[in-house]
Amino acid sequence: MKVLLDQTKCVSSGQCVLAAPAVFDQRDEDGIAVLLVANPDAELHEEVREAARICPALAIAVQEP
Amino acid sequence: MNDGSRIVVVGASAAGLTAVETLRREGFTGRIAVVGDEPRLPYDRPPLSKQVLRGTWEPGRVALRGDDVIAGLDAEWLLGNAAIDADIGARRITLSDGRVLGYDGLVIATGVTPRRLPHGHELAGVHTLRTLDDALALRKGLLAAKSVVVIGAGFLGAEAAAVARQLGRDVTLVDPLPAPMVRQFGAQVGELVARLHTGNGVRVRCATGVTALTSDAGQVSGVNLDDGAHVAAELVLVAIGSTPNVGWLEGSGLSLGNGVECDALCQAAPGVVAAGDVASWLYPGVGRLRVEHRMNATEQGTAAARNLLGNGIPFAPVSYYWTDQFDVKIQTYGVAGQDADFRVVAGDPANGRFAAVYGMDGRTTAALTWNMPKEARTLRRLVVERASWRHALSQVSA
């Protein structure tokens, strides 16, 4: 799995961090999401899919082989 | 629902799309038809009053999914076609083109329509904002107008007023309540929003009603206020709230109040669920609620679809919503009503960054941040736990 994060779409909601805290964090100054792991391990995949689904800004894309 | 079943989703926006995706993800392999009154595939609405209106985004960027994802859902998209009638007993709906669709399961996600003033919407230069076409027309109008009046200082009105000002227009924001967004955020934050707008050059006329629009040869020329003043304007945006799109369900047998009335599972009748702006559901332990926020469309679209497939899980979200105005981002969890207790727990409003909590009956009901996005997530826990007010306040600068 490859995770793509579009920071220009991010609205700093932090929903991705709630869903997948091992994969996403937020910048201190403006809350914009940052990707911690671009190729997460299999046990994190469902959390990452959930993060992509709930992101209110549609800023997360997941590429699966 | 089995392989031979058909589910019809009425409403092709965020809640309807999420319902379709959820049905497929949960293994529903039957037929799905999606009915949408707009001729477009699902698109996102929050950017309409922000990036699209400012012109910082190409309109195409609001698409909720790419064509490949839409195709992968294997649904029949009946767009530019409104549902006009429903017979819940016979399990069928009628579309504006005369087509009749039978269903085994029905998802109602028809959203809302902007409320209008009793008079004046026939005038050139008078706008409402709900659809992408509305946003593009409003942007075109804003670029041509020098002076703008925004009637209504809720989410939409306050955001649009900020954008109009950022585009260099002369802007007046009018609302009968004492401050902008006071219904959503209470008096203290309302006052700060008023100052934010005033500081950026918006004339804020709160505690003031509009008595009439004035016109010249069919073009709006301004508004008359109930204090006797006249404010000249070449463009007027009416942003005075919305009403649920339930007209097509009248006489269907469903219970319609302020929206489609559902139980805690978002069920309106056997085999019928509702989601998003149009759904008025029984929030466990709270009562009837209808929420017009973007996250709720996703969360309720998911919950309603699962329950249509028989999941049986009550829908009890902690609502998240946000607004962007000028250089300020306000984020909220829970219901920050105007009657709640309010306390700043981090930062300082005077410095333009703070976090606050709201409480009712000794319990934390909401958290709000003003340019402190990470703290919103931290304080969310207090809302989820309905933490005691004493405990919440002890978290000060924690």
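User: In which order do the strands of the open sheet of three strands in chain B stand, and is the pairing parallel or antiparallel?

Analyst: The model is a predicted one. To read a sheet, one lists its strands by neighbour and then notes the sense of each pairing. Here the order is β4-β5-β6 in chain B, and the pairing is antiparallel. From one strand to the next, the twist averages 20 degrees.

User: Which strands of chain B stand at the edges, and why is one side of each left without a neighbour in the sheet?

Analyst: The edge strands are β4 (83-87) and β6 (100-102) of chain B; each has a single partner strand, so one of its sides has no neighbour in the sheet.

User: Over how many bridges do β5 and β6 of chain B pair?

Analyst: Strand β5 (residues 92-95) of chain B is joined to β6(B) by three bridges in the antiparallel sense. As a residue-level case, Ile93(B) has Leu101(B) in β6(B) as its bridge partner.

User: How many residues of α8(B) are buried?

Analyst: A residue counts as buried if 20 or more other C-beta atoms lie within 10 Å of its own. Nine of the twelve residues of α8(B) are buried, so the helix is largely enclosed by the rest of the structure. Among them are Pro373(B), Leu379(B), Leu382(B) and Val383(B), and also Lys374(B), Glu375(B), Arg377(B) and Arg380(B). Just after the helix, Arg386(B) takes a positive phi of about 45 degrees.

User: What does the domain assignment of chain B give?

Analyst: Domain 1 consists of 6-112 + 243-308, domain 2 of 116-240 and domain 3 of 327-394. Between domain 2 and domain 3 of chain B, the C-alpha centres are 28 Å apart. Their contact takes ten residues from domain 2 and seven residues from domain 3. On the side of domain 2 that touches domain 3, six residues are nonpolar, three polar and one charged.

User: How many residues does the contact take from chain A and from chain B?

Analyst: Chain A gives 14 residues and chain B gives 13 residues. Helix α1 (residues 15-19) of chain A gives the most to the chain A side, with three residues. That side divides into six nonpolar, six polar and two charged residues.

Notes:
Residues numbered from 1 in each chain as written. Chains lettered and ligands numbered in written order. Predicted model: local features only at pLDDT ≥ 70, side-chain atom pairs only at ≥ 80, totals over all residues. Domains from an automatic or database assignment. Contact = placed C-beta atoms within 7 Å. Nonpolar A, V, L, I, M, F, W, Y, C, P; charged D, E, K, R; others polar. Helix = DSSP H or I, 4+ residues; strand = E, 2+ residues; numbered from the N terminus. Pairing = 2+ DSSP bridges. Axes fitted to C-alpha atoms, helices over the stretch in contact; angles between N-to-C directions.
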